Amino acid sequence: MSAEPIKPRGDAVSTRAGAAVPQAGTSTSEDIAAFVAKARALSPHGPGAKGRLIFALDATMSRQPTWDMACALQADMFRETAALGSLDIRLVYYRGLNECRATAWISDSARLAMLMSKIDCRGGDTQIGKVLSEARREAVASGVRAVVFVGDSMEEKVDELCAKAGELGMLKVPVFMFQEGHDVVAEQAFREIARLTGGAWCRFDPGAAAQLRELLRAAAAYAAGGRDALLQLAKTASGAAKLIGQMK
């Protein structure tokens with residue numbers, strides 16, 4: 001496994017400066033039905049399967065303090081799942097001019113922390129659509145139990161994001177949208193993505209490490225042990241209670 005971030009397959013994620021963001025195509029009902037059937041057959045969500053979580057972060061310039069905080073907290077996601085089974089995490093992040101990257105699947109918190117420590121935030125627009133496309137691709141290719149997204153803004157066409165979110169919803173891959181701050185446009189989009197995927201939207205205050213830690217622990221518990229694990233955690237953790245209260 002390479003120690004450096006790698007570019008995922010396909011056109012959902014691009015690192016070439018100036019590359020056009022791919023537009024979502026139109027699928028027929030037969031295409032969608034075939035896609036969902038294939039994904040369900042391949043996705044290892046059965047008992048005993050290793051949990052897989054996509055950890056997606058906005059790495060544009062304003063996000064540096066939260067990036068550093070997430071780097072410090074990510075080990076808690078692995079620790080939370082120790083009693084539930086193993087967890088693999090794939091880090092996906094975007095920054096700069098049309099740059100969106102992902103790591104390989106990582107099962108060690110120290111390795112993930114090392115990778116994150118090498119990444120600096122850069123100015124640029126949001127690329128949430130690429131994150132959702134990558135999640136869909138991985139849901140089919142290797143199985144994803146949940147997606148966590150941490151960000152504070154949204155600068156894309158919300159209808160296109162909702163179309164991608166709807167596909168994840170059909171695959172039963174919930175997206176947990178964790179919003180920093182109070183941007184109204186972002187909140188509306190994040191709430192809708194969460195609703196369409198059967199996930200949850202939660203806000204945390206800028207710099208609130210304790211709030212983000214609880215939310216990440218809850219998402220990791222779901223990825224490793226499913227709804228039952230999240231329900232169990234909700235008995236003692238407020239972050240888990242917030243998530244389970246919204247999930248379908």
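Hi everyone, a word on the ground rules. The model is predicted, so local features need pLDDT of at least 70 and side-chain atom pairs count only at pLDDT 80 or more, while totals for chains, interfaces and linings use all residues. Residues are numbered from 1 along each chain as its sequence is written, and side-chain values use heavy atoms, with hydrogens and water left out.

Let's start with the cores. By a nonpolar core I mean a set of buried Ala, Val, Leu, Ile, Met, Phe, Trp, Tyr and Cys residues joined through side-chain atoms within 4.5 Å; buried is under 20% relative accessible area, exposed is over 50%, and partly exposed lies in between, with a 1.4 Å probe and protein chains only. The largest such core holds 45 residues, and Phe55, Phe176 and Phe178 have the most contacts inside it. Helix H7, residues 209-234, is the top contributor, giving eleven residues. Helices here are DSSP runs of H or I with at least four residues, strands are runs of E with at least two, and both are numbered from the N terminus. There is also a second, separate core of 29 residues, with Leu168, Val175, Ala186 and Phe190 among them.

What does Phe176 touch, not counting residues up to four places away in sequence? Its partners include Phe149, Ala219, Tyr222, Leu243 and Met247, contact being heavy atoms within 4.5 Å.

Now to helix H2, residues 64-80. Twelve of the 17 residues in H2 are buried, including Trp67, Asp76 and Glu80.

Over in helix H6, residues 184-197, we find Glu187. Is Glu187 buried or exposed? It counts as buried, because its relative accessibility is 17%. Beyond its neighbours within four places in sequence, Glu187 is in contact with Gln179, Trp201 and Arg203.

Helix H4 gives the most to the lining of the largest cavity, with three residues. Thanks, everyone!
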